[in-house]
Amino acid sequence: MGKTLVIAEKPSVASDLARVLGKLAKKDEFFENDEWVVTSAIGHLVELCLPGEMDKKRGKWSFANLPIIPDAFDLKPIEKSESRFKLLKRLLKRPDIDGVVNACDAGREGELIFHYIMQLSGCNKPTNRLWLQSMTPDAIRTGFAKLRDGAEMKPLADAAVCRSESDWLVGINGTRAMTAFNSKGGGFQLTPVGRVQTPTLAILAEREEKIRAFKSRPYFEVHAAFGVEAGGYRGRWFDAKFKKGADEQERAERIWDRSLAEAIEAKCTGKPGFIEEEKKPASQASPLLYDLTTLQREANGRFSFSARRTLQLAQALYEKHKVLTYPRTDSRCLPEDNLNEVKARFTKFEDPSLAVHAQKALKEGWVRPNKRIFNDAKVSDHHAIVPTGVAPKNLDEYEQKLYDMVARRFIAVFYPPAQFEVTTRITRVEGEAFKTDGKIITDPGWLAVYGKQAAGEGEDNVVAVRPGESATTDAIEIKATETKPPARYNEATLLSAMEGAGKLLEDEELRDAMSQRGLGTPATRAQIIEGLILDGYLVRQGREIIVTSKGLSLITLLRGIGVDSLTSPEMTGDWEFQLKQMEAGKIDRAAFMAGIRKFTEEIVDKAKNYSGDAGSVGGNFLDLAAKCPKCGAADFKESFKAYECKGCGLLVWKTMAGRELEREEVKTLLEAGSVGPLEGFRSKMGRPFSAVVKLDADHKQTFDFGDADSKGAAPDFSQAPIIGACPVCKKGQVHDVGAAYVCDQTPACKFRTGKIILQKEISAEQVKKLLDTGKTDLLPKFISKKGRPFSAYLKLEGGKVGFEFEPRKAAPKKVPAAKSPIAEAA
C-alpha cells in the first residue's frame with residue numbers, strides 16, 4: 001500500500017498536522033511514517049511568467065506589443081523559494097506516493113497555491129482536500145476523517161486562477177499602456193496601475209481634490225455658562241427647528257452671520273434659563289475580536305504603528321513566540337467547536353492584570369456559546385486573532401503592546417456590555433435653546449478589562465439639578481471659527497476605507513461582496529499601501545498619508561482618456577462578486593475570463609486611440625499662485641503636463657527625468673530660482689539620481705549637480721562653504737555646493753559625493769569625518785531599490801565613496817543542556 005502526501009501552506013501547520021497523524025519521523029523538510037508524508041509550501045511557490053518570458057517579442061514596452069493576452073499562462077517557480085518547490089516536486093514524483101491531500105489554507109489563495117504546485121509539477125495523482133477552520137487536534141482529526149474529493153474543489157480553484165490571471169492581464173497591460181502613453185513625448189515614465197492599487201489610490205486622490213478645492217467659510221457658535229444650586233455647567237446654542245438640507249456644511253449649532261450671534265448674546269445675557277432634561281440608559285457591547293485590518297487600524301491609532309509594522313509584529317508573535325494565532329485573517333469570530341479550547345486558554349494567563357479578568361469571566365459563566373463570538377458562518381480561511389495559551393516570554397516593548405491589545409480584547413469580548421446613563425439637557429433662555437450632553441458609566445462591564453470603573457469615569461458630566469430648578473446665565477461667549485476641509489487619510493482611516501470600500505458603491509450585491517473582502521485582503525493591504533509609496537504615488541507626512549502630484553496625475557489621466565473603471569472600487573467589487581458566484585458554481589470560468597479579456601482590450605484601445613497626447617488630457621486643475629520670474633505676473637494656469645504663466649506664457653514642465661514636481665516645489669522654483677536637492681529622478685539608463693532644479697538665464701528648467709553648470713563650467717566655489725581638505729588630490733578643498741560636496745580642483749580632481757544618497761541626506765559633519773578618517777559613522781535610513789531601509793557606513797576607497805556594512809553578529813553557539821541529577825541517577 002502506498003503513502004499519502006499531505007501539503008500544508010506553512011511549515012508550522014505541517015508540524016501541527018504531523019503531531020496529530022501519529023508518530024512521524026522528521027526528515028529534512030518533511031515528516032514521514034509508513035502511511036503519511038507531511039510537508040508544506042512556504043506561501044506561494046509558483047507565479048505566472050512575465051510577457052518576455054513567454055514570448056521574447058512581447059518584452060518591449062510599446063503600444064505595438066499591446067494588448068498582451070496569452071491563450072494560456074506559463075508558470076515558473078518563485079526564485080527565492082525554488083528549492084522548496086523542487087522538494088515538493090520530488091515528493092510528488094515518488095513512486096510510493098499514490099495520493100495527495102491539499103492541506104493549504106481553507107480559502108481561495110490556499111487553493112491557488114496548491115493548484116499551481118500541482119500544475120507546474122505535472123502531477124496528476126488523485127487529490128483530496130483537508131478543510132479546516134480550526135487547528136485544534138480534534139478539528140484536525142475530524143477534518144482528515146471527512147476529506148473532500150479534489151473534484152469538489154474545482155469551482156474554488158477556477159475562481160483562484162481567474163483572480164490571478166485577471167490581476168496579471170489588467171496589471172501588465174494597464175501599466176504598459178499608461179507607461180507608453182505617458183512616454184509619448186520622450187523618455188520612459190513608468191506608470192504602474194493595478195486592480196487593487198489604482199482604486200486605492202483613487203480614494204486618496206478624490207479626498208485630496210476635495211481638500212484642494214475646499215473654500216473655508218467663517219461661522220460662529222454661541223456658548224453659555226449656566227449656574228444652578230449644585231454648581232455650573234456649559235451649553236451650546238442650537239437651532240431647534242434645524243433640518244438638514246443640500247448644504248453639507250450646515251449644522252444646527254452654526255451661525256453664518258455674526259450679527260445674529262450677537263443678537264442671541266444680547267438677548268440671553270443675564271436672563272434665567274429653564275431646564276428640560278432627559279436621562280436614558282445606554283449600553284455598549286465589547287468590540288468584536290481582531291482581524292488583521294482592525295488590529296492594524298487600532299494599533300495605528302494607539303501607537304502610530306504602520307500597517308506593515310503591525311503585520312511584522314503580529315507575525316513574530318505567531319511564528320517566533322507562538323503566543324498569537326495566525327494573523328493574516330479577515331474573520332472576527334471563532335469556530336463553534338472552540339468553546340472548550342477558549343476556556344482552557346482563559347486559565348493560562350500569567351500576567352495578573354489579565355488573569356484576574358479571565359478568572360472572573362470563567363467564574364461568572366460568561367464564557368459560553370455566543371454567535372457574536374463563535375460562528376462558523378463568519379469564519380473564512382482563518383478565525384480571529386487570539387492568544388494561543390502559550391505564556392509570552394522575552395517580548396520587546398512593541399510586541400508586548402500588540403500582544404496586550406489582542407489578549408485584552410479576547411477576554412473583554414466575553415464580558416457583559418458596559419452600562420451608561422446618558423443625559424441630554426436643554427436650557428432655554430428667552431426662547432433660545434442651549435444643549436448640554438453628559439454620559440457616566442453605571443456598570444463598566446467589559447470596560448473593566450481596560451481599567452474603567454463606574455461613576456466619575458464618564459465624559460462631559462453634568463451637575464445635578466432639582467426638579468423645576470431654573471439656571472442663571474452667568475456668561476455668554478461667541479466663538480468665531482471656520483469650516484474645515486475633509487481630513488486627510490492616515491493609515492487607520494485608509495485601512496477602514498479599503499476594508500469598507502463597499503460604502504462607496506450603490507449596488508447592493510456589489511456592496512455585500514466588497515464588505516467581505518474590500519480592496520485587497522488583510523494580508524495584502526499593508527503591502528498595497530507600501531507599494532503606492534514606493535511607486536511615488538503616496539507619501540507619509542507625520543501620521544497623514546498624502547497623494548503626490550504623480551498620483552493625482554495618474555488618476556486624472558485615467559479619467560481623462562475614459563478608463564474610469566480602473567479608478568473605481570466598483571471594478572474590484574464586480575470582480576469579487578463574480579468570483580464568489582464562480583466559487584458557488586454559478587458562473588463559468590471561460591465566460592468570466594472572456595469579460596476580463598474584453599476589459600483589458602478596452603483599456604489598451606482607449607490609451608492607444610486617445611486623440612491627442614498627455615498634454616491635452618483634461619482634469620480638475622487649479623491655478624498656481626506664484627510670481628513669474630520673467631514678466632512678474634502672479635498666476636500660472638495648470639494643465640496635465642505643465643504650468644503656464646497667464647501673462648507671458650512661460651512654461652514650467654511638471655515632469656523632469658521621470659519625476660513629477662510637487663506644486664510647492666514648482667512654486668519655490670519660480671520664486672527662488674531653484675529648488676532642492678530633490679531625489680527620485682532617473683537617467684536614460686534607468687539609474688536614480690538627485691539634483692537641484694533651477695531656472696537658467698532663459699528661464700528654462702535645468703539640473704544643477706553642483707560640479708558643473710548646464711554649459712559644463714565649474715561651480716562658483718567663492719561662496720560655497722568649505723567642509724575640509726580633499727583626501728584624493730591632496731591639493732584642494734571640498735565645498736558644499738548645494739546638491740553635492742565637490743573638490744574645488746575639479747575637473748582635475750574627481751572627488752564628488754551627492755548630498756542625498758538613496759534618500760538619505762548626508763550631513764556636512766559626516767562628510768568632514770569621511771574626509772578626515774576615510775569613513776563616516778554608521779548611518780541609518782538609507783532606502784534600497786526595493787524600498788527597504790538599511791544602515792551602512794560611507795567609506796572612501798580608491799577615490800570613490802561606497803558602502804560598508806556593519807558585520808553581522810554571529811549566532812550564539814548552542815550549548816548542550818546539562819543532564820539533571822534525576823536523569824543521571826536513573
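Burial is defined here by relative accessible area: buried means under 20%, exposed over 50%, and partly exposed in between (1.4 Å probe, protein chains only). The structure is a predicted model, in which local features need pLDDT of at least 70 and side-chain atom pairs count only at pLDDT 80 or more, while totals for chains, interfaces and linings use all residues. Side-chain values use heavy atoms, with hydrogens and water left out, and residues are numbered from 1 along each chain as its sequence is written.

A salt bridge is a side-chain nitrogen of Lys or Arg within 4 Å of a carboxyl oxygen of Asp or Glu. Helices (H or I, at least four residues) and strands (E, at least two) are DSSP runs, numbered from the N terminus. R408 is buried, at a relative accessible area of 13%. The side chain of R408 forms a salt bridge with that of D404, at 2.9 Å from N to O. D404 has 19% relative accessibility and so counts as buried. Both residues belong to α13 and lie 4 residues apart, about one turn of the helix. A further salt bridge joins K401 and E397, at 3.4 Å from N to O. These two are also 4 residues apart in α13 (residues 397-412), and are therefore separated by about one helical turn. K401 is partly exposed, with a relative accessible area of 29%.

Helix α3 holds another such pair. The side chains of E82 and K86 meet at 4.0 Å, N to O, in a salt bridge. The two residues are 4 apart within α3, about one turn of the helix. E82 is partly exposed at 30% relative accessibility. K86 is partly exposed too, with a relative accessible area of 48%. Elsewhere, K3, K27, E32, R94 and D96 are linked in a network of salt bridges. Over the whole structure, the search finds 48 salt bridges.

The geometry of α3 was then considered. This helix (residues 82-93) has 12 residues. From first C-alpha to last it reaches 16 Å, close to the 16 Å expected at 1.5 Å a residue. The expected span is 1.5 Å times one less than the number of residues. Buried positions in α3 are R84, F85, L87, L88, L91 and L92. They cover an arc of only 155° around the axis, so they lie on the same side of α3. The arc is that of the directions from the helix axis to the C-beta atoms. Exposed residues S83 and R90 sit on the face of α3 turned away from its buried side.

Helix α6 has 29 residues and reaches 41 Å from its first C-alpha to its last, close to the 42 Å expected at 1.5 Å a residue. α6 is mostly covered, with 26 of its 29 residues buried.

Aromatic contacts came next. A pair of aromatic rings is described by the distance of the centres and the angle of the planes. Rings of Phe, Tyr and Trp (its six-membered ring) pair if their centres lie within 6.5 Å; planes under 30 degrees apart count as stacked, over 60 as edge-to-face and the rest as tilted. By this rule there are 20 aromatic pairs. The rings of F73 and W168 have centres 5.2 Å apart and planes at 85°, so this pair is edge-to-face. F73 lies in the loop between α2 (51-54) and β6 (75-77), and W168 in α6 (residues 154-182), so the pair ties together parts 95 residues apart in sequence. Both F73 and W168 are buried. The rings of F303 and F305 have centres 5.4 Å apart and planes at 40°, so this pair is tilted. F303 is partly exposed at 22% relative accessibility, whereas F305 is buried at 6%. Ring pairs also link F346, F349, F374, F410 and F414 into a cluster.

Charges over rings were also found. The criterion is NZ of Lys or CZ of Arg within 6 Å of the ring centre and within 35 degrees of the ring normal. R254 lies over the face of Y219, at 4.5 Å from the ring centre. R409 lies over the face of Y290, at 4.1 Å from the ring centre.

The cysteines form 0 disulfides, a disulfide being a pair of cysteine sulfur atoms within 2.5 Å. For C123, the closest cysteine sulfur is that of C104, at 13 Å, too far for a bond. C123 is buried, with a relative accessible area of 9%. C333 is buried at 5% relative accessibility.
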